[in-house]
Amino acid sequence: MSASHSASSTKGSTLDRVLQVIAVVARSRGQLDRKAVAEQLSMPIASANKLINQLVSLGHLQENIVGRLIAGPSLQSLSHDILKSQRFSQQRGEVLQRLADKIGETCGISVPNGIEMTYFERVNCNWPLQINLAEGSPVPVAASASGKLYLASLEQSILENVVQNMGLSEYTPKTITHEGLFLEELKRIREQGFGEDNEEFVDGMVAVSVPIGSDDFIFGYLFCHAPSFRTPIEVLKTYLPEMKAAANEIHEFTLSELV
């Protein structure tokens, strides 16, 4: 075997391993640490660590506060760009627009990003007074409807570790900052199947959220937020059937993009 062919083969093998690591982390939904990734790929832990360190330094992967691997900012940005460029991006916008017109308030999609949620897509309402959180804006995972719904989906042992280590910052007088009360709130959200924010992130803003997808694949979370004086949270909840129908429609588009 020539030296050039050997080098090419080695390079290809390394690239394949890099893609395998990214794929395993992406499928794990933040439940695997470095050792678990190495075991799933039947790799020596030293080799896995080397690849993971490179991916972390490039921003493609990152470790959350309990040492699990998740997509880093570079990979998140790339995945969002891919989804936004696909042919069903327009259909998602149309679904959001119909929902926003029906409810009369701002609707959008948010996705987890570390200990924050990122606004992926949104459609504004037509009211003169709006709460303007633009696409790409980060919102706290522990004080938003989508963020609390995401946390409630985690396995209990992982969830408790996350809550213990993340810290519960106060954004408004209604933010839940007591760890025990917050875990009770997440249990309630898990049981009811939708998230809610009752002026916990922004004074005077309420929101509800439903998952887009299933336990096997959750693309993100569909939310609707509004000024509480115009649309109280109990009124927003009456639109949950329409929100769930819209989330199912968006889920079908997303699956079509990824297969």
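The model is predicted. The protein chain has 259 residues, and 47% of them count as buried. Its secondary structure comes to 10 helices and eight strands.

**The chain as a whole**
- The accessible surface of the protein chain comes to about 12,900 Å².
- Carbon and sulfur atoms hold 52% of that surface.
- Take the contacts between residues at least 6 apart in sequence: 59% of them join residues at least 24 apart.

**The nonpolar cores**
- In soluble globular proteins, nonpolar side chains tend to be buried together.
- The largest nonpolar core here has 28 residues.
- Ile 103, Leu 222 and Met 243 have the most contacts inside this core.
- Helices α5 (89-103), α9 (233-237) and α10 (240-258) are among the elements that give two or more residues to this core.
- Strands β3 (106-113), β4 (116-123), β7 (205-213) and β8 (218-227) also give two or more residues each.
- Helix α10 supplies the largest share of the core, six residues.
- Another core, of 26 residues, lies apart from the largest one.
- Members of that other core include Tyr 119, Leu 154, Val 162 and Met 166.

**Leu 222 and its contacts**
- Which residues does Leu 222 touch, leaving aside neighbours within four places in sequence?
- Its contacts include Leu 96, Leu 99 and Gly 108.
- Val 208, Ser 209, Val 210 and Ile 212 are also in contact with Leu 222.

**Strand β8 and its partners**
- Strand β8 is mostly covered, with 10 of its 10 residues buried.
- Strands β7 and β8 run antiparallel and are joined by nine bridges.
- Within β8, Ala 226 is the bridge partner of Val 206.
- Strands β3 and β8 also run antiparallel, joined by five bridges.
- Thr 106 stands opposite His 225 of β8.

**Pro 73 in helix α4**
- Pro 73 is found in helix α4, which covers residues 73-85.
- Why does Pro 73 count as partly exposed?
- Its relative accessibility is 49%, and partly exposed covers the range between under 20% (buried) and over 50% (exposed).
- Pro 73 touches Gly 59 and Gln 62, not counting residues up to four places away in sequence.
- Pro 73 and His 60 are 13 residues apart along the chain, and their C-alpha atoms are separated by 6.4 Å.

Technical notes. Residues are numbered from 1 along each chain as its sequence is written. This is a predicted model: local features need pLDDT of at least 70, side-chain atom pairs count only at pLDDT 80 or more; totals for chains, interfaces and linings use all residues. Side-chain values use heavy atoms; hydrogens and water are left out. Helices (H or I, at least four residues) and strands (E, at least two) are DSSP runs, numbered from the N terminus. Buried means under 20% relative accessible area, exposed over 50%, partly exposed in between (1.4 Å probe, protein chains only). Contact means heavy atoms within 4.5 Å. Accessible areas come from the Shrake-Rupley method with a 1.4 Å probe; for residues, only the protein chains shown count as cover. A nonpolar core is a set of buried Ala, Val, Leu, Ile, Met, Phe, Trp, Tyr and Cys residues joined through side-chain atoms within 4.5 Å. Two strands pair if DSSP finds at least two bridges between them.
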